[in-house]
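Hi,

Here is the structure I am handing over to you. Please have it open while you read the notes below.

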Amino acid sequence: YYEHYDKKILIAFRGESRNFENTKLMPSMFRESEYIYKENYLFDLFCDLGLIKDNDKWIDKATDTQHYAALSRMLDITFSILPALYFACSNPNELDKDGRVYVFCFPEHYSPHSAYLEAFYNNLMNDKDNITYSKNFKVITHSYSNDRIQAQSGGFIFFPGKEYIPINSVYYEEVFIYAEDKKQICEELNKLFSIREATLFPEKSTRAKL
């Protein structure tokens, strides 16, 4: 455990395009009650499609399902304020709503290659009740498993258990991004930092926009 524990404070960010109220900071797998009970099925399906391998680590499987299907028990975060600002401002359907940037301060975090974290996930998947895991969220540092995560300086908050337990507000501050400022913020992110859809999502379908 201590081999993979880092005592340094970790600062992270997440942008959301409006106040999602009861579902703010909630991983996609908890947004519908039946999803969490189909996690193994989802992994099996991705194996059948050749997108992941059966012998991949649990964390890698979860990262890949998040990447391909936007469905996992992990919440995307970033270690750069710039992508967080972009995601708070860029949704064209919510330009009239105030966005949010959540600024996190975590005292404990793990590498995506942590043996402790992998053992924790394995125990979770083999425990039918998962009651003891629900409140023990884990923060995963920089992941480099695909180009998108690298471009977004991304990491994750891993939510174990069958029940979603919100992150205690002691771990974050909420910053308002006013609707009338969103367009200008996006323009300046693009002009000054080259932060735009094509650079944050460097898949083949968006590279033509570079």
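**Strand S3 and its partners**

Strands S3 and S6 (residues 172-177) pair over six bridges, in the antiparallel sense. To count as paired, two strands need at least two bridges found by DSSP. Strands (E, at least two residues) and helices (H or I, at least four) are DSSP runs, numbered from the N terminus. Val103 has Glu173 as its bridge partner in S6.

Before you go on, note that this is a predicted model: local features need pLDDT of at least 70, side-chain atom pairs count only at pLDDT 80 or more, and totals for chains, interfaces and linings use all residues. Residues are numbered from 1 along each chain as its sequence is written, and side-chain values use heavy atoms, with hydrogens and water left out.

Back to S3, which spans residues 99-106. Strand S1 (residues 10-16) is joined to S3 by seven bridges, and these two strands also run antiparallel. There, Gly15 is partnered with Val101 of S3. Six of the eight residues in S3 are buried. Buried means under 20% relative accessible area, exposed over 50%, and partly exposed in between (1.4 Å probe, protein chains only).

**The whole chain**

The chain holds seven helices and six strands. Along the sequence, their pattern reads β-α-α-β-α-β-α-β-α-β-β-α-α. The chain has 210 residues, and 44% of them are buried. Now take the contacts (heavy atoms within 4.5 Å). Among those between residues at least 6 apart in sequence, 75% join residues at least 24 apart.

**Two cores**

What is a nonpolar core? It is a set of buried Ala, Val, Leu, Ile, Met, Phe, Trp, Tyr and Cys residues joined through side-chain atoms within 4.5 Å. The largest one here has 39 residues. Phe104, Phe106, Tyr121, Ile157, Phe158 and Phe159 have the most contacts inside it. Two or more residues each come from S1, S3, strands S2 (74-78), S4 (138-140) and S5 (154-158), and helices H1 (39-48), H2 (58-69) and H4 (115-125). H4 gives the largest share of this core, five residues.

A second core is separate and has seven residues, including Phe13, Ala88, Val101 and Cys186.

**Residues to look up**

Start with Tyr121. Which residues does Tyr121 contact, leaving aside its neighbours within four places in sequence? They are Glu39, Phe43, Trp58, Ile59, Ala62, Arg73 and Phe158.

Next, find Leu75 in strand S2. Leu75 counts as buried because its relative accessibility is 2%. Leaving aside neighbours within four places in sequence, Leu75 is in contact with Arg14, Leu25, Met26, Pro27, Gly155, Phe156, Ile157 and Phe159. Arg14 and Leu75 are 61 residues apart along the chain, yet their C-alpha atoms are separated by 9.2 Å.

Compare Tyr68, which sits in helix H2. Why is Tyr68 called partly exposed? Its relative accessibility is 45%, so Tyr68 counts as partly exposed.

**Helix H3**

Last, look at helix H3 (residues 81-89). Its buried residues are Leu82, Pro83, Ala84, Tyr86, Ala88 and Cys89. What covers the buried residues of H3? The cover includes strands S1, S2, S3 and S6. It also includes helices H6 (182-193) and H7 (197-200).

Best wishes
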